[in-house]
Amino acid sequence: MESCNCIEPQWPAEELLMKYQYISDFFIALAYFSIPLELIYFVKKSAVFPYRWVLVQFGAFIVLCGATHLISLWTFSMHSRTVAVVMTTAKVLTAAVSCATALMLVHIIPDLLSVKTRELFLKNKAAELDREMGLIRTQEETGRHVRMLTHEIRSTLDRHTILKTTLVELGRTLALEECALWMPTRTGLELQLSYTLHQQNPVGYTVPIQLPVINQVFSSNHALKISPNSPVARLRPLSGKYMPGEVVAVRVPLLHLSNFQINDWPELSTRRYALMVLMLPSDSARQWHIHELELVEVVADQVAVALSHAAILEESMRARDLLMEQNVALDHASREAETTIRARNDFLAVMNHEMRTPMHAVIALSSLLQETELTPEQRLMVETILKSSNLLATLINDVLDLSKLEDGSLRLDLGSFNLHTVFREVLNLIKPIASVKKLPVTLNLAQDLPIYAIGDEKRLMQTILNIVGNAVKFSKEGSISITAAVAKSESLRDSRAPGFFPVLSDNHFYLRVQVKDAGQGINPQDIPKLFTKFVHTQTLATRNSSGSGLGLAICKRFVNLMGGHFWIESEGLGKGCMAIFIVKLGISEKTSESNPFLPKANHGQTAFPGLKVLVLDENGVSRMVTKGLLVQLGCDVTTVSSRDECLHVVSQDHKVVCIDLCMPDGFEAAARLHEKFTKHHERPLIVALTGNTDKVTKENCMRIGMDGVISKPFSVDKMRSVLSDLLEHRVLFEAM
């Protein structure tokens, strides 16, 4: 083996130097061998490192470098050629790996730099996210305070409490030294100090509203910092030790509501804003933060909303109080109206009884007189008395019918009657009156007018008689004509009656009646007043005519109730007048019908011979009249004047008991009769005689168990008809 002369051992003085190199190479080799172990540990523990192969290559380079230094330890002494070859090989491999590693780092370094850039970007994003989270936490804190403040502010709807609560809660939340509220005065030219957080400030102090600082705050919808020396901020006692704290002012919208003063709420002012001033403590270096300013702005808006709700509540309370006052007034008026109606009904009930009772005597006695043997002249006078009495009874019913029409209780009494006879009777009744004024009255009945019809004969005759009577009453000269015909389809529709909708059918027809006079006439503008009760037109008032003003008002309501239409035509004063009405009547198949207004003579006829009847009536005249009618019909009549006498006299032989309801114990007498006769077939028929025609009387009679009701006045024919129906059907309430 050839020796290597790489290191000459000629210089023994250098042995120490060689020894140091030897030791250094050893430690370098040791370090080089330890680095790959650390890299292997790093690669093993790192799961996401993207350059593992680079680390492997770099590890190999370090190992080779270490191997080179390690092999060089054998070169410090005599060594063989093998050592030299190994040394050379290690150096060549180290050179190759180092070059490859250097070239690879040229490509890796930009990537590493970009990673560093991304890392810096992520760090910036993380910092920004931290700032945003801080803002979110601040906003959450602000929102919590806002919710708390809003809850406190809106927990009441009293405006003074709302404003005072706002100052207290803001002072507590923001740790304020002072907080004040300036309100516009009534004139709108000044702001007045109305509320303060601490009561040490002089409430009522005013400043001009045109100050620049106030205009600046009012023109912005944000909270603004203002000078502590501003007139609206001079609320703290002067102190030379500390610098004054920062002051913020914000406007409070009043939302077009009524502004207010201390202890008062004036009318709408020219300004629509109040001013809120907030002051930080003087003994600190604290400053206003953005979230605190936002909190102040939100609270100002919430105060405005709460004030609007409070104003609405106050307005509703005022409206409620006004409504309660109106309800009290309406209740008082209703009570007065009820009292008036009750008094009217009581008056009508008394007048009904007091007027019908003598009318009953006149009609009954006249009908009895008519049943006797009379000369033609006497019979004519008796019939005239009967006609006039029936007319007077009809006039008495006018007031009663009006009352029923007003409360809707009036019902038509439908039946078949002779239509032609109705018109002739009206003519016969009105001719004597017209002859006194020398007014000729003519009647024209159309050829197609049915002889018989179905309707309320009494109401129809009353309507015709009233209209013709007015024509005679308000005419001094000329003539009066009555025309009746079946209304044609083309004449039914009238623009003056938009609510009148006639419907033609085979079961009914429309009767058209026209009453024309050549009297003084009437102004067209006064015609509507004719149908107003208790009202006379000026034209009619000048005719020196008397009357209640009820006739045409009742006639119009009768016509409406009969499904028709009523109107009056006149071209003016001195041109006469024409009254026209249309009513709906049914078509009757009967060929004959008696007229209830004209009782016919029935000389000597006794329809009920031997019928035992008991009459209970405390009024002697009325008792005598009723007995006379029944005796005329052949009845065996017994009269009593009290309830006890009636109960003592009555027996199973009596078939009918007539009780006059004007007696205070008439209903009790009927009830006692039911108790006395427990078996229905043994009890006599109980009939009520009454001058009241209201529904209540009929209902009371039915409730107490009476078998029929007869309304006064009545004649012999009516009594005959009632008794016939009563004995046949054992019940009769149709006579009401």
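The following questions and answers examine selected features of a predicted model.

User: On what basis are residues numbered and values computed here?

Analyst: Residues are numbered from 1 along each chain as its sequence is written, and side-chain values use heavy atoms, with hydrogens and water left out. Because this is a predicted model, local features need pLDDT of at least 70 and side-chain atom pairs count only at pLDDT 80 or more, while totals for chains, interfaces and linings use all residues.

User: Which residues does UniProt list for "binding site"?

Analyst: The listing comes from an unreviewed UniProt entry; its positions are given in the numbering used here, feature names are shortened, and annotations may be inferred rather than shown by experiment.

User: Is C65 buried or exposed?

Analyst: C65 lies in helix α2, residues 52-71, where helices (H or I, at least four residues) and strands (E, at least two) are DSSP runs numbered from the N terminus. Buried means under 20% relative accessible area, exposed over 50%, and partly exposed in between, with a 1.4 Å probe and protein chains only. H69 is also found in helix α2, and H69 is partly exposed at 24%. C65 has 10% relative accessibility and therefore counts as buried.

User: Which residues make the nonpolar surface patch of about 250 Å²?

Analyst: Patches are made of residues with over 30% relative accessible area and no salt bridge; like charges are joined within 9 Å, and nonpolar side chains (Val, Leu, Ile, Met, Phe, Trp, Tyr) within 5 Å. Accessible areas come from the Shrake-Rupley method with a 1.4 Å probe, and for residues only the protein chains shown count as cover. L129, in helix α3 (residues 81-153), is partly exposed with a relative accessible area of 47%. The patch is made by L129, M133 and I136.

User: How many residues of strand β17 are buried?

Analyst: In a regular strand the side chains alternate between the two faces of the sheet. In β17, L685, V687 and L689 are buried on one side, and I686, A688 and T690 are buried on the other. Strand β17 (residues 685-690) is thus mostly covered, and the number of its residues that are buried is six of six.

User: In which sense does β17 pair with β16 and with β18?

Analyst: Two strands pair if DSSP finds at least two bridges between them. Strand β16 (residues 656-660) pairs with β17 over five bridges, and the bridge partner of V656 in β17 is L685. On β18 (residues 708-711), which pairs with β17 over four bridges, S711 stands opposite T690. The sense of pairing is parallel for β16 with β17 and for β17 with β18, again parallel.

User: What handedness does the β-α-β unit of β16, helix α14 and β17 have?

Analyst: A crossover is right-handed if, with the strands pointing away from the viewer, the path from the first strand over the helix to the second runs clockwise. Helix α14 spans residues 666-676. The unit made by β16, α14 and β17 is right-handed.

User: How many residues apart in sequence are the parts tied together by R683 and D707?

Analyst: A salt bridge is a side-chain nitrogen of Lys or Arg within 4 Å of a carboxyl oxygen of Asp or Glu, and R683 forms one with D707, the closest N and O atoms being 2.9 Å apart. R683 lies in the loop between α14 and β17, and D707 in the loop between α15 (695-704) and β18, so the pair ties together separate parts of the sequence. R683 is buried with a relative accessible area of 6%, and D707 is buried at 8%. The separation in sequence is 24 residues.

User: How many salt bridges does a search of the whole structure find?

Analyst: Among them is the pair R286 and E292, with the closest N and O atoms 3.1 Å apart; R286 is partly exposed at 25%, whereas E292 is buried at 9%. The side chains of D644 and R643 also meet in a salt bridge, at 3.3 Å from N to O, and R643, D644 and E668 are linked in a network. The search finds twelve.

User: What is the phi of A175?

Analyst: Most residues other than glycine have a negative phi. A175 lies in the loop between α4 (159-174) and β1 (178-184) and is partly exposed at 42% relative accessibility. Although A175 is not a glycine, its phi is positive, at about 55°.
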